[in-house]
Amino acid sequence: MPGIDFLMCPRCGERLADPTEGREASCPGCEAVFGFRAGAMDFVDPLTLEEFARLQRDVYDGKVSSARMSDYANPDDVRRHLEYCVDIATAHHTLQPSWLGMRCREVTDSLDPRPGERLLDVGCSTGIMLAVMSAVYGTHGVGIDFSGAAVSTAASCNPYGNRFFSADALRLPFADGAFDMAMSYGVIEHVSDHEAMVSEMARVLRPGGRLLIYTTCRRDRWTWHWWQRVTSRGRYDLGVDNQAGHERENFLEPEELAGLLAGAGLVRVETLVVHTLYTLMFDEVFPGLFARLLGSPGLFRAVRAALETADALPSGLGYGNEFLATAWKEG
Ligand SMILES: [Zn+2]
């Protein structure tokens with residue numbers, strides 16, 4: 001991507017020039033200084049980052065000892081996984097090698113991303129989804145994550161020239177209307193102020209811009225994770241996410257998120273419950289099976305029909321472990 005001209009001081013709103021690689025930058029408005037940390041520009045303002053977010057950042061940065069390492073502990077693994085995901089997504093109608101990735105592809109198609117459009121990923125982790133989006137749709141990606149370790153890995157495994165910054169999802173360092181599309185996968189359930197995150201994503205969209213949010217669903221009765229919780233008398237295992245404050249009380253229901261999107265002035269708001277019981281078991285219990293089935297289209301269609309039929313009743317009642325929400329900015 002060419003130099004970018006839409007950076008904004010997250011503290012005072014003054015426009016910032018595209019920073020020189022490896023150098024700190026200061027704001028001409030308020031003189032705030034933004035450092036270069038772990039290979040990426042760091043816009044996370046320690047003065048405004050709250051306690052809860054600071055703890056989560058330490059978890060994702062690997063500063064808190066954990067039984068499970070985060071996905072980006074080994075950049076070589078990330079590079080291999082990125083190439084694998086891009087290969088699958090360019091050969092088949094899916095964004096990730098999973099049943100969920102196929103639903104995400106269908107929903108993303110409905111937002112019609114175009115080549116050359118500027119796409120923001122809020123909570124981009126290692127940037128794999130942005131790479132897949134570039135490969136499939138030709139979008140120019142900008143990723144933010146408050147974990148310096150994540151964006152550092154993202155910047156070092158970056159075959160499509162996407163841009164990565166450390167930033168707080170509640171204070172995006174971008175000018176109003178800077179993006180054609182904004183997406184966020186598995187992030188809003190971690191933030192303390194859902195409304196602020198939605199309003200920031202809406203703010204940086206241009207008129208006619210599109211938004212996609214994927215998140216865990218609080219209305220998860222009869223689902224795979226619900227059964228795990230019931231049978232384990234506690235929390236299901238989400239690895240490092242559990243340590244980073246992955247609390248069911250902070251999850252949303254589809255109607256709540258739809259209300260926040262409408263409240264941020266967005267239109268054509270839609271939600272889709274995904275991953276109820278069998279489809280999530282399929283993805284989590286047999287993680288390699290989806291990709292293997294892709295080689296046998298007839299069998300794939302039969303398995304898909306069986307799983308979706310089995311999930312139809314609870315899904316139809318609005319129960320699911322996750323949901324996708326989409327919306328458009330008027331204009
Ligand atoms: Zn400033």
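Helices here are DSSP runs of H or I with at least four residues, and they are numbered from the N terminus. The views below come from a predicted model, and each legend walks you through one close-up.

**View 1. Methionine 129 sits in helix α4.** Is methionine 129 buried or exposed? Methionine 129 has 27 C-beta neighbours inside 10 Å, and since 20 or more is the mark of a buried residue, methionine 129 counts as buried. Look for tyrosine 185 too: 56 residues separate it from methionine 129 in sequence, yet the two C-alpha atoms are 8.9 Å apart in space. Leaving aside neighbours within four places in sequence, methionine 129 is in contact with Asp121, Cys124 and Tyr185.

**View 2. Helix α4 is mostly covered.** Of the 10 residues in α4, 8 are buried.

**View 3. Helix α2 (residues 75-91) has its buried residues along one face.** Start with the length of α2: at 1.5 Å a residue, its 17 residues should span 24 Å, and this agrees with the 24 Å between its end C-alpha atoms. Which residues of α2 are buried? They are Val78, Leu82, Cys85 and Ala89. Seen down the axis of α2, these buried residues fall within an arc of 70 degrees, so they line one face of the helix.

**View 4. Leucine 95 lies in the loop between α2 and α3 (99-109).** Although leucine 95 belongs to a loop, it is buried, with 27 other C-beta atoms within 10 Å. Leucine 95 and cysteine 85 are 10 residues apart in sequence, and their C-alpha atoms are 7.5 Å apart in space. Not counting residues up to four places away in sequence, leucine 95 touches Ala89, Gly101, Cys104, Arg105, Thr108, Val132 and Val136.

**View 5. Helix α6 (residues 194-203) has buried residues covered by several elements.** In α6, Met197, Val198, Glu200, Met201 and Ala202 are buried. What covers them? Among the covering elements are the strands β7 (118-122), β10 (179-185), β11 (205-216), β12 and β13 (322-329), together with helix α9 (254-263).

**View 6. Helix α10 (residues 278-285) packs with helix α12 (residues 297-316).** Two packed helices are described by the angle between their axes and the distance between the axes. For α10 and α12, the angle is about 130 degrees and the axes are 8 Å apart. The two helices are therefore oblique to each other. Tyr278, Thr279 and Phe282 make the contact from α10, while Leu307, Ala310 and Asp311 make it from α12. By class, this contact has 4 nonpolar, 1 polar and 1 charged residues.

**View 7. Glutamate 31 and arginine 268 each have a positive phi.** Most residues other than glycine have a negative phi. Glutamate 31 has a phi near 65 degrees, and you can find it in the loop between β3 (25-26) and β4 (33-34). With 11 C-beta neighbours inside 10 Å, glutamate 31 counts as exposed. For arginine 268, phi is near 50 degrees; this residue is part of strand β12 (residues 266-274). Arginine 268 has 13 C-beta neighbours inside 10 Å and counts as partly exposed.

**View 8. Threonine 20 lies in the loop between β2 (15-16) and β3.** Is threonine 20 buried or exposed? With 10 other C-beta atoms within 10 Å, threonine 20 is exposed. Phenylalanine 36 is 16 residues from threonine 20 in sequence, and the two are 9.7 Å apart in space, C-alpha to C-alpha.

Note on methods:
Residues are numbered from 1 along each chain as its sequence is written. This is a predicted model: local features need pLDDT of at least 70, side-chain atom pairs count only at pLDDT 80 or more; totals for chains, interfaces and linings use all residues. A residue is buried if 20 or more other C-beta atoms lie within 10 Å of its own, exposed if 12 or fewer, and partly exposed in between; C-beta atoms are placed from the backbone. Axes are lines fitted to C-alpha atoms, for helices over the stretch in contact, and angles run from 0 to 180 degrees between N-to-C directions. Angles under 35 degrees count as roughly parallel, over 145 as roughly antiparallel, 65 to 115 as roughly perpendicular and the rest as oblique. Two residues are in contact if their C-beta atoms, placed from the backbone, lie within 7 Å. Ala, Val, Leu, Ile, Met, Phe, Trp, Tyr, Cys and Pro count as nonpolar, Asp, Glu, Lys and Arg as charged, and the others, Gly among them, as polar. The expected span of a helix is 1.5 Å times one less than its number of residues. The arc is that of the directions from the helix axis to the C-beta atoms.
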